[in-house]
Amino acid sequence: MVAAGWRVTVVADGAVSRVAAPAGIALHRTGGEVPEGDRPDARAYLDSLCRLTGLALRLPRHDVVVTMTDPPMLALAGPILAARHGAATVHWCQDLYPDLLPVLGVRMPGMVHRLAVKGMSRALRRHDGVIAIGRCMRDRIAAMGVKEERLCLLPNWPDPAIRPLPKAGSAFRRSLGAREVESRFVVSYSGTLGLSHPMDGVLEAAARLQDSDPNILFLLTGEGRGFAAVEGKARSRGLRNLRRMPWQPAERLAESLSAADLHLVTMHPAAEGLLVPSKLAGVQAAGRPCLFLGPRESEAATRVAGCGLVIDPFDGVAIADAVRSYAADPVRCAAEGAHAARRSAAWTADDAAAAFAAIAERLLSARRISRPMMVRPLPYA
């Protein structure tokens, strides 16, 4: 956005950072943050929302205000900030709240949840534009009463640093410990693991393959509240074909994703239309096939066509059969991986930035037209 001539301000929760923001970007932090540890409750998210909104209200005037998620209900702040700044407002919806909260294990009293749903629907209808990252999410937002002309579809993109790397001589594979790992068929789950990412079917598949297919290794890489539960269940099952690696820094992401032969992306069926697994974009950028363990009618299922399979996340038998089939067919893995890389290359960070800039320009132009002719529009901020 800065390269396109905009002046950009970012308001974020968290402690003040000593790291300087890139040139042309003003970074403001609230000084407070949602506590780590157990999943935050509704009060913690509300406190974060208040901190962010309060800080944004004190800033100088801006022309376009963009709210995102998290915290879950930040869209409520959009109309308030638009009124304060006389600005066009856009909500960039990465996750659709409050409907997603129960799927994530956040408990709310029934009356509070109903009020939150009503408030979110009203707030989204008051935005000049609402961006959805998937078709199924766009349909849900439309059902909330947001006008079609205000809805935009802008899928997430892969990290530009991710690219296909050869498995041969992979330092990441060697870091797994045993020399024989380098020759095994590695099935990887990489990224955040939470309650919206069911893994019972994967554990069932690992148990079924442990003795019959000892060449297959399941690798879990990343962080999240779900890892502890998965590791506990793996120990209780006595699984020896499952390894765990910690979160990997950005500079090793291409290497860690390319170290796998086959990737797993999971999504709870109840989350359909409420989120789109962003890790799928990274998997495809690494040029690897993927098993999407989630609902067949979802956006992610559409994107995996031709470079993977869609399977019920709770069907361990089907998952085991699919993994065994891929492990026995390296030609298929290579062909679907190449198709995934081509699909990823068709939608890059630059493409998404240009699309978002066009949305902001259009909304800003409409806002200027609606102003009295005697009012001089301010430059982009």
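Predicted model: local features only at pLDDT ≥ 70, side-chain atom pairs only at ≥ 80, totals over all residues.
Residues are numbered from 1 along each chain as its sequence is written, and side-chain values use heavy atoms, with hydrogens and water left out. Local features need pLDDT of at least 70 and side-chain atom pairs count only at pLDDT 80 or more, while totals for chains, interfaces and linings use all residues.

A search of the whole structure returned 17 salt bridges. A salt bridge is a side-chain nitrogen of Lys or Arg within 4 Å of a carboxyl oxygen of Asp or Glu. One of them joins the side chains of R173 and D261, at 2.5 Å from N to O. This pair links distant parts of the chain, 88 residues apart. R173 sits in helix α5 (residues 171-174), and D261 lies in the loop between α8 (253-258) and β10 (262-266). Helices (H or I, at least four residues) and strands (E, at least two) are DSSP runs, numbered from the N terminus. Both R173 and D261 are buried. Buried means under 20% relative accessible area, exposed means over 50%, and partly exposed is in between (1.4 Å probe, protein chains only).

Another salt bridge connects the side chains of E231 and R244, at 3.2 Å from N to O. Here too the pair links distant parts of the chain. E231 belongs to helix α7 (residues 226-237) and R244 to strand β9 (residues 242-245), 13 residues apart. E231 has 23% relative accessibility and therefore counts as partly exposed. R244, at 27%, also counts as partly exposed.

E299 and R303 form a salt bridge of 3.1 Å, N to O. The two residues are separated by about one helical turn, because they stand four residues apart in helix α10 (residues 299-303). E299 and R303 are both buried. R135 joins E299 and R303 in a network of salt bridges.

Helix α1 (residues 42-57) has 16 residues. At 1.5 Å a residue, it should span 22 Å. The expected span is 1.5 Å times one less than the number of residues. The end C-alpha atoms of α1 are 22 Å apart, which agrees. The buried residues of α1 are A44, Y45, S48, L49, L52, T53, L55 and A56. Seen down the axis of α1, these buried residues fall within an arc of 165 degrees, so they line one face of the helix. The arc is that of the directions from the helix axis to the C-beta atoms. The buried residues of α1 pack against β1 (8-12), β2 (25-29) and α2 (77-85). Contact here means heavy atoms within 4.5 Å.

Aromatic pairs were also searched for across the whole structure, and two were found. Rings of Phe, Tyr and Trp (its six-membered ring) pair if their centres lie within 6.5 Å; planes under 30 degrees apart count as stacked, over 60 as edge-to-face and the rest as tilted. W92 and W157 form a tilted pair, with 6.2 Å centre to centre and 45 degrees between the planes. W92 lies in strand β4 (residues 88-93) and W157 in the loop between β6 (151-153) and α5, so the pair ties together parts that are 65 residues apart in sequence. W92 is buried, with a relative accessible area of 10%. W157 counts as partly exposed, at 31% relative accessibility.

The rings of W92 and F356 have centres 4.7 Å apart and planes at 15 degrees, so this pair is stacked. W92 in strand β4 and F356 in helix α13 (residues 349-369) are 264 residues apart, and the pair links distant parts of the chain. F356 counts as buried, at 9% relative accessibility. W92, W157 and F356 form one aromatic cluster.

Strand β4 also contains H91. At 1% relative accessibility, H91 counts as buried. The side chain of H91 makes a polar contact of 2.9 Å with the side chain of T67. A polar contact is a pair of N or O atoms within 3.5 Å; within protein, one must be able to donate a hydrogen and the other to accept it, and residues adjacent in sequence count only if both atoms are side-chain atoms. Not counting residues up to four places away in sequence, H91 touches several residues, among them T67, M68, L124 and H127.

D211 lies in helix α6 (residues 200-212). D211 is exposed, with a relative accessible area of 61%. Its side chain makes a polar contact of 3.2 Å with the side chain of R240.
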